[in-house]
Amino acid sequence: MNAIATYQPTPGHKPSPDLSALLDAVRSNVPVTRHDLTPQRVAEARALAAGSVQPATPEVIAAWLKKLALLVVNGPDAGRARGQAEAMVEICGELPAAVWCPETRKAWCQRGDNGKFWPAPAELYAHLLPYAERIKRDAMAAHRVVTLAEHAAKPRATISAEERAAVAAQMAAWRKQMGHPEPRRDAPQPVQPQPGVSERLAEYRRQLAAEPEAGVWLSPLIAKLEAQVGRNVPKEPRGLAESVSKALHR
C-alpha cells in the first residue's frame, strides 16, 4: 500500500440535482418531452451511463483503504496492508468505481462503535452494496434518457418517390395476375342514371303485388312517393279555370 501512497482516486460521478430529478421521472415512467431533454442533461446522462458502472482499478481501491486506515483504531500496518488490499479487491473489486469515494468512507466511520474498526471484506462489501445498486439504477435511467434523446433527434420517416413507385409496381403486377383491368386515370367514370320518383313508385307497387307480406315496409314508401308525385303535378292557374267555366256557361 505504501507504493501508492500518493495516488488520488477520481471522485465517483454523482448526478446533479437537475439530472437526478429527470432520472427519477424516467424510473417512475413519467412522460418525458423534448423540452425536458436539454443538451446539458443529455450530455451528463451520457457520461453517467458510460462510466459510472465500470469497476475500479486495484490502485483506486488501495488508495481508498489507505485513507480509511487512518480513521479507524486498528488499521493494518505496513506488513498486512498489501494482503488486506488484495483481499478487498478480490471480494469488492466488481463494484462500480464510483462507490470508492469519500462519501462511503465517511459513512463507514459514522456507523457508531462498529465504524471505528477495520472492516472485514464481507463487511465492506455489505456496506458498499447499497451505493453500488443506486449507481446502477442511475446508470440504467441515464441510458434511457440517452435513448429517448436519440429517438427524439431522428427525423420522422417519410415515403420516398422510389418506395411509392415500387408499391405501384407491385399493385400493377397483382392486378395483372388477378385479371383486373388496369385503371385509366384520364378516362371519366360513367355516371350511373338514378331512377326517377315515378319509376321507383312503379317498382314498389310491382313488389307489393308480388309480395303482399312486404306491405309492412313498402306501403309507407309508396304513400310517401305518391304524396311527392302529387306535389310535383303542375296546377292550372285559378284565373284561367274560372274564365273557361264562365265561357262554357254563357
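Isoleucine 61 is in contact with Ala56, Val89, Gly93 and Trp100, leaving aside its neighbours within four places in sequence; contact here means heavy atoms within 4.5 Å. What we are looking at is a predicted model, where local features need pLDDT of at least 70, side-chain atom pairs count only at pLDDT 80 or more, and totals for chains, interfaces and linings use all residues. Residues are numbered from 1 along each chain as its sequence is written, and side-chain values use heavy atoms, with hydrogens and water left out.

Back to isoleucine 61, which lies in helix α3. Helices are DSSP runs of H or I with at least four residues, strands are runs of E with at least two, and both are numbered from the N terminus. Is isoleucine 61 buried or exposed? Its relative accessibility is 0%, so isoleucine 61 counts as buried. The cut-offs are these: buried is under 20% relative accessible area, exposed is over 50%, and partly exposed is in between, with a 1.4 Å probe and protein chains only.

One of the contacts of isoleucine 61 is Trp100. The two are 39 residues apart along the chain, and their C-alpha atoms are separated by 6.7 Å. Tryptophan 100 itself touches Ala56, Val60, Ile61, Trp64, Cys92, Leu95, Leu124 and Leu128, with residues up to four places away in sequence not counted.

Now the core. In soluble globular proteins, nonpolar side chains tend to be buried together. In this model the largest nonpolar core has 23 residues, and those with the most contacts inside it are Leu65, Val99, Trp100, Trp118 and Leu124. A nonpolar core is a set of buried Ala, Val, Leu, Ile, Met, Phe, Trp, Tyr and Cys residues joined through side-chain atoms within 4.5 Å. Which elements give two or more residues to this core? They are α3 (58-69), α4 (78-92), α5 (102-109) and α6 (121-153). The largest share, six residues, comes from α3. Apart from this core lies another, of 14 residues, with Val42, Leu48, Val146 and Ala149 among them.

For the overall picture, the protein has 10 helices and zero strands. Of its 250 residues, 26% count as buried. If we take contacts between residues at least 6 apart in sequence, 79% of them join residues at least 24 apart.

Histidine 127 lies in helix α6 and has a relative accessible area of 11%, so histidine 127 is buried. Histidine 127 touches Thr104, Ala107, Trp108 and Arg111, again not counting residues up to four places away in sequence. Arginine 105 is in helix α5. Arginine 105 is buried yet has no salt bridge; the nearest side chain of opposite charge, glutamate 103, is 11 Å away. For charge, Lys and Arg count as positive and Asp and Glu as negative, while His and the chain ends are not counted. A salt bridge is a side-chain nitrogen of Lys or Arg within 4 Å of a carboxyl oxygen of Asp or Glu. What does arginine 105 touch? Beyond residues up to four places away in sequence, arginine 105 touches Trp64, Lys67, Leu68 and Leu71.

How many salt bridges does a search of the whole structure find? It finds nine. Glutamate 103 forms one with lysine 14, where the closest N and O atoms are 4.0 Å apart. Glutamate 103 lies in helix α5 and lysine 14 in the segment before α1 (17-27), so this pair ties together parts that are 89 residues apart in sequence. Glutamate 103 is partly exposed, at 35% relative accessible area, and lysine 14 counts as exposed, at 54%.

Arginine 27 and aspartate 24 meet in a salt bridge, 2.4 Å from N to O. Both lie in helix α1, three residues apart, about one turn of the helix. Arginine 206 and glutamate 203 also form a salt bridge, with the closest N and O atoms 2.4 Å apart. These two lie in helix α8 (residues 197-210), three residues apart, about one turn of the helix. Salt bridges that share partners also join Lys14, Glu103 and Arg134 into one network.

That is the tour; questions are welcome.
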